[in-house]
Amino acid sequence: MELKTTRYEVADRVATLTLARPQRRNAWTGRMHTEYRWCLREADQDRQVRVIVVTGDPEGQAFCAGADLGALEGHSEKGRYDPGTDDGLAMPGFGVDPHFDEAFAYHFGIGKPIIAAINGPAAGVGLVLAAFADLRFAALGAKFTAAHGRFNFPAEFGLSWVLPRIVGLSHANDILLSSRVFTAEEALAMGFLNRLVAPAALMPAVMDYARNLADSVAPGSARETKHQIYRDLHRDAAASVSAAQALLEAMITEPDYKEGVKAWTAKRKADWTG
């Protein structure tokens, strides 16, 4: 696919997906969503990729400023919502669990950790992207808003489901009912962010974390643990224990288990096969 609104690159087992419409503060469009899903599928299928990082073009001075104003005006003129995508969309993360087979919930079906490197404002769908990532690092000074209230929209794309699970009901109610702007410092205190760093240190910190994760965690373990976490949001404790036991019995037969034991014993880096 020709990428016009995103950039995609792989280095040191980390795929970096950059939202790249800097002239529009990396605002979201149907084209960007199409490319975004294609890039995620590429990263998920690439055996060399262990971790995925999502960020915004720094020249846009935002992570993602939300839906493009032109798209909002188009919805108003048509009198209906138009996602701006077609039937040829890639389906990353689909087929793992029926609970994940929907827009943005597909992040949970992707078998690799996704880190949002939030280098500026994240509004509307930008907040959605951050919320559906597995880990969130942000730059000091970044700001967030759900934004939907000012447009007579509902809470978008599952934010009403995912935010209470990240920050708790009281904070989620504050974010969603008010649509107010909140700071990165507030987001850290709420538990929305894993780490808050100086702007110049954001990408080095994210990449160091991503490379360490890629080196120290077996790909199969990362994949199955991620799927356990999100599946267990729908399961009771007994079902979780039962599923974990079944996975343990299956994964102990895989080559990466033996390699992990050998590497630990020899005090060397493991050579994972995935």
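Me: Hi! What should I know about the model before starting?
Reply: It is predicted, so local features need pLDDT of at least 70, side-chain atom pairs count only at pLDDT 80 or more, and totals for chains, interfaces and linings use all residues. Residues are numbered from 1 along each chain as its sequence is written, and side-chain values use heavy atoms, with hydrogens and water left out.

Me: Thanks! Which order do the strands have in the open sheet of six?
Reply: The order is S1-S2-S3-S4-S6-S9, with mixed pairing. Strands here are DSSP runs (E, at least two residues; helices are H or I, at least four), numbered from the N terminus, and two strands pair if DSSP finds at least two bridges between them.

Me: Why is one side of S1 left without a neighbour in the sheet?
Reply: S1 stands at an edge with a single partner strand, so one side has no neighbour in the sheet, and S9 (195-197) is in that position too.

Me: How do S1 and S2 run, parallel or antiparallel?
Reply: Strand S1 (residues 6-11) and strand S2 (residues 14-19) run antiparallel, joined by six bridges. Threonine 6 has leucine 19 in S2 as its bridge partner. In their hairpin, with two residues between the strands, aspartate 12 takes a positive phi near 55°.

Me: And S2 with S3?
Reply: Those run parallel, with six bridges joining S2 to strand S3 (residues 51-56). Threonine 16 is partnered with valine 53 in S3.

Me: New topic: which strands are in the open sheet of three?
Reply: S5-S7-S8 is the order, with mixed pairing. Its edge strands are S5 (122-123) and S8 (182-183), each pairing on one side only.
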